[in-house]
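Student: Could you take a close look at the aromatic rings in this model for me? Please carry on from there to whatever else can be read from the coordinates.

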Amino acid sequence: MTVPASTRDLLPADLQMGTVMLKVGSMKLMLDYYERALGLVPFAETLGGVVLGRRGVPIVHLSPAAGLQIPSRGEAGLFHTAILFDNRADLAATVASAAQYNPSLYAGSADHLVSEAFYFTDPEGNGVELYFDKPRETWTWDGDQVVMDSLPLPPQAFLNQNLTEASVGGQREAAAGVGHVHLQVGDVADAHRFYVQTLGFEQTAGWHGQALFVSAGRYHHHMAMNVWNSRGAGPRKDTLGLGEVLIRVPAQDDLGAAADRLKVAGVASHHTGAELRFEDPWKNQIRMALVEG
């Protein structure tokens, strides 16, 4: 039985998406891409790899995993990591550097009504979205569902209108962070049962039974799941690609409440008090921890 959202525990409205960890085969190749193409700055290096971000905000953690294979197109895992920028000029600067780095890694663009987005693929096949949110007051809601679409967004016209010398020169100092994470899964109904009914996100949009968009606090989406390439996919193998998705919550009680919901649903988890670790039905690794700072 589905418990109405009004009477069940939800994830907190001020939830944040944290670092996305990627298992990588070539640290040299991937570091070069995330630094030069995306303008990210390495600011933490450990035995577990390198963390890159902007202005002290971690975005991607590259973890060496030489010997693993790149997953096939139809396997569950990462669809894209979506990096959010504060304004169109900052977005344009990174779209330009990513396009110049290797034009063949450009995958498209779209006006989603709530946002403007550009899509790329990194050298090991991980999807990357670069985007800017339109003001929330311009978003349209149909009840509890946000209205989104995929309308044309010509990249050259966008760059002509928004790229500035200042944004190019200050690219690595401009703010950015993980806005949302989009996964490939085997079944949308199973994704809804896990991410909405169990974990506590709210559904904000669907797409013809092929995709699910979920969020906390009426954001358009913090996470999404689709079956466009992966319908029927089973649990993931140990491959290159997605290593871990981090979700940050503001209070200890939020961790405890999520742990309780997972337990009731029969989902195994490990709660240390400082963080909560668990897997979704496709063995995507999720870590929930407190907001830093």
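Tutor: Let's start with Trp139 and Tyr219, both of which are buried (buried is under 20% relative accessible area, exposed is over 50%, and partly exposed is in between, using a 1.4 Å probe and protein chains only). Please keep in mind that this is a predicted model, in which local features need pLDDT of at least 70 and side-chain atom pairs count only at pLDDT 80 or more, while totals for chains, interfaces and linings use all residues. Residues are numbered from 1 along each chain as its sequence is written, and side-chain values use heavy atoms, with hydrogens and water left out.

A pair of aromatic rings is described by the distance of the centres and the angle of the planes. Rings of Phe, Tyr and Trp (its six-membered ring) pair if their centres lie within 6.5 Å; planes under 30 degrees apart are stacked, over 60 edge-to-face, and the rest tilted. That rule gives eight aromatic pairs. In one of them, the ring centres of Phe118 and Phe158 are 4.8 Å apart and the planes stand at 55 degrees, so this pair is tilted. Phe118 belongs to strand β7 (residues 115-121) and Phe158 to helix α3 (residues 155-162), so the pair ties together parts that are 40 residues apart in sequence (helices, H or I with at least four residues, and strands, E with at least two, are DSSP runs numbered from the N terminus). Phe118 and Phe158 are both buried.

The pair we began with, Trp139 and Tyr219, is tilted, with 5.9 Å from centre to centre and 55 degrees between the planes. Trp139 sits in the loop between β8 (127-133) and β9 (141-142), and Tyr219 in the loop between β13 (211-215) and β14 (223-226), so parts that are 80 residues apart in sequence are tied together. Elsewhere, ring pairs join Tyr33, Tyr34 and Tyr101 into a cluster.

One ring has a charge over it: the charged end of Arg218 sits over the ring of Trp141, 3.8 Å from its centre (this requires NZ of Lys or CZ of Arg within 6 Å of the ring centre and within 35 degrees of the ring normal). Arg218 lies in the loop between β13 and β14, and its phi is positive, about 60 degrees, although it is not a glycine. Arg218 counts as partly exposed, at 42% relative accessibility. Arg55 also has a positive phi, about 50 degrees, without being a glycine. Arg55 is in the loop between β3 (49-54) and β4 and is exposed, with a relative accessible area of 61%.

On to the pockets. On a 1 Å grid over the protein atoms alone, a pocket is an open set of points where a 1.4 Å probe fits, with protein on both sides within 12 Å along at least five of seven lines, and lining residues have an atom within 4 Å of a point. Grid points are joined across faces, edges and corners, and volume is the space filled by probe spheres set on them. The largest pocket holds about 600 Å³ of space. It is lined by 28 residues, of which Phe79, Gly125, Gly127, Gln184 and Asn229 are the closest to its centre. Two or more lining residues come from each of β5 (77-85), β6 (106-111), β7, β8 and β15 (241-249). By class, that lining has twelve nonpolar, twelve polar and four charged residues (Ala, Val, Leu, Ile, Met, Phe, Trp, Tyr, Cys and Pro are nonpolar; Asp, Glu, Lys and Arg charged; the others, Gly among them, polar).

Asn229 is found in the loop between β14 and β15 and is partly exposed at 25% relative accessibility. Leaving out residues up to four places away in sequence, Asn229 touches Arg73, Gly74, Phe79 and Gln184 (contact means heavy atoms within 4.5 Å).

The second largest pocket has about 500 Å³ of space. Among its 24 lining residues, Gln16, Met17, Val57, Gly177 and Val178 are the closest to its centre. Its lining takes at least two residues each from β1 (16-24), β4 (57-64) and β11 (176-184), and by class it has eleven nonpolar, seven polar and six charged residues.
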